[in-house]
Amino acid sequence: MTTMTSAREPFPVVLAGARGHGRSHLVNIRRLERLGLVRLAGVCELRPLDSEELDGFGTPEQSDDFGALLASTGARIAVVCTPIQTHTDLALTAARHGAHLLLEKPPAPSYAEFRRMADGVAAARVACQIGFQSLGSHAVPMIRRLIGDGAIGELLGVGGAGAWIRDEAYFRRAPWAGRRRIDGVDVVDGALTNPLAHAVATALALDGSTRAEDVEFIETELLRAYAIESDDTSCVRILTTQGTRVSVAATLCAETPSEPYVVVHGTRGRITFWYKQDRVLLQRAGHGPEESVHGRTDLLENLVGHLTDGTELLVPPEATGAFMRVVEAVRLAPDPLELPADAWHSESCGGAPRRVVHGIAGLVAASADTLSLYSELDASWAPPPRKAVCR
């Protein structure tokens, strides 16, 4: 799919979207520059970065025209960290210019846009890596080996839990934040599809169900405490074609924040993976608990390795097809149900107002433990689940 190169000169990189989450890409590009792997050739932003924001980078070319910037810089790699609804068009622009891609998650706001992106990138014969950084954790293949070796017996299911705090300002940080669509264009921002999307993608990866065709059907329960379009408190349950149940419960309205995790249930034990920390806890019959912390391969570094040495990409588009089935189920579901006023309260978090759903952290944990939806955990405010058949 890609052209190997014998040259070891740093790859010229253009970054589209260098503020907000894009700052983390600037930090990483600076690290890889020091290793001699890449150089920042250009930045695409609506408003140019100032010298402080570009500290240590010299004077890369700047423009709000992504295609022109790719052409003028001769970029070999494009990192796209822009609003969700722009991902497909920018990815295809990069592909037309022969630039290989690191595309932030979620890769697209709909399954049709995902297919348009993936098919276009493949036709252009450029490499594409999707930015699910948790899938670069060395814990993922280790857990898959444990499951395959029967360390916890027969696989029963995989549960994910994410209980985070986001204040009112979070949903005002950008015009697309908290939106399902803008002027008829899909955005599909939401707890499951954006901030806690890693929980969904990681749970599917641990089950070995990452392709679109690995999904049989999906049930969703979408709710919101905030005055937004999208969901801030949600759960999803996926039945895979191998018969495994994969569930994820998420909220941005927790009493206190906690580390998100994925738990693999077996007939003789369980494996808990705190994916942001690369930390694993193995609990199984006849053994004491075993905890381990693992390394992680950076996805941009992996992309560079793919281009120079043929290293296998960790997260190509086809490895996110099942996740995109979940995005599509969320997109097609009815708009999130507004939680009743007595289900949440407002409080100040460092001077910023936020909303807290009563008892939600316990419900999120219970969902991961039992692979249940909120409605099955006697949450009085939960709607009947919405089922989407994917076969």
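Modeller: Let us start with the largest pocket, where α1 provides the largest share of the lining, four residues. Helices such as this are DSSP runs of H or I with at least four residues, strands are runs of E with at least two, and both are numbered from the N terminus. The model is predicted, so to speak of local features a pLDDT of at least 70 is needed, side-chain atom pairs count only at pLDDT 80 or more, and totals for chains, interfaces and linings use all residues. Residues are numbered from 1 along each chain as its sequence is written, and side-chain values use heavy atoms, with hydrogens and water left out.

Colleague: What is the volume of the largest pocket?

Modeller: The largest pocket has a volume of about 1300 Å³. Of its 44 lining residues, G20, H21, G22, C81 and E104 are the closest to the centre. Two or more lining residues come from each of α1 (22-34), α3 (87-96) and α7 (299-309). A pocket is an open set of points on a 1 Å grid over the protein atoms alone, with protein on both sides within 12 Å along at least five of seven lines; in a cavity, by contrast, a 1.4 Å probe fits but cannot get out, and lining residues have an atom within 4 Å of a point. Points are joined across faces, edges and corners, and a volume is the space filled by probe spheres set on them.

Colleague: How many nonpolar, polar and charged residues line the largest pocket?

Modeller: The lining of the largest pocket has 18 nonpolar, 16 polar and 10 charged residues. Here Ala, Val, Leu, Ile, Met, Phe, Trp, Tyr, Cys and Pro count as nonpolar, Asp, Glu, Lys and Arg as charged, and the others, Gly among them, as polar.

Colleague: How many cavities of 30 Å³ or more does a search of the whole structure find?

Modeller: The search finds two cavities of 30 Å³ or more. The largest cavity has a volume of about 50 Å³. Its lining consists of F132, L135, A201, L204, A205, T210, A319, T320, A322 and F323. At least two lining residues come from each of α6 (197-207) and α8 (321-332), and α6 gives the largest share, three residues. By class, eight residues of this lining are nonpolar, two are polar and none is charged.

Colleague: Which residues line the second largest cavity?

Modeller: The second largest cavity, with about 30 Å³ of space, is lined by Y170, F171, D189, G190, A191, P195, S230, D231 and L252. This lining has five nonpolar, two polar and two charged residues.

Colleague: Let us turn to strands. Which residues of strand β4 point one way, and which the other?

Modeller: In a regular strand the side chains alternate between the two faces of the sheet. In β4 (residues 77-80), I77 and V79 point one way, A78 and V80 point the other way, and all are buried. Buried means under 20% relative accessible area, exposed over 50%, and partly exposed in between, with a 1.4 Å probe and protein chains only.

Colleague: Which strands pair with β4?

Modeller: Two strands pair if DSSP finds at least two bridges between them. Strand β1 (residues 11-16) runs parallel to β4 and is joined to β4 by four bridges, with A16 opposite V80. Strand β5 (residues 100-103) also pairs with β4 in the parallel sense, over four bridges, and H100 in β5 stands opposite I77.

Colleague: Which residues does a cis peptide bond join?

Modeller: Most residues other than glycine have a negative phi, and most peptide bonds are trans. In this model a cis peptide bond joins K105 and P106, with omega about -15°. P106 lies in the loop between β5 and α4 (111-124).

Colleague: Where is R125 found, and is R125 buried or exposed?

Modeller: R125 is in the loop between α4 and β6 (128-130). Its phi is near 60°, a positive value in a residue other than glycine. R125 is exposed because its relative accessible area is 55%.

Colleague: What is the phi of D183?

Modeller: D183 has a positive phi of about 50°, although it is not a glycine. D183 belongs to the loop between β8 (181-182) and β9 (185-186), and counts as exposed because its relative accessibility is 78%.

Colleague: Is G269 buried or exposed?

Modeller: G269, in strand β14 (residues 269-274), counts as buried because its relative accessibility is 17%. The C-alpha atoms of G269 and A112 are separated by 39 Å, and these residues are 157 residues apart along the chain.
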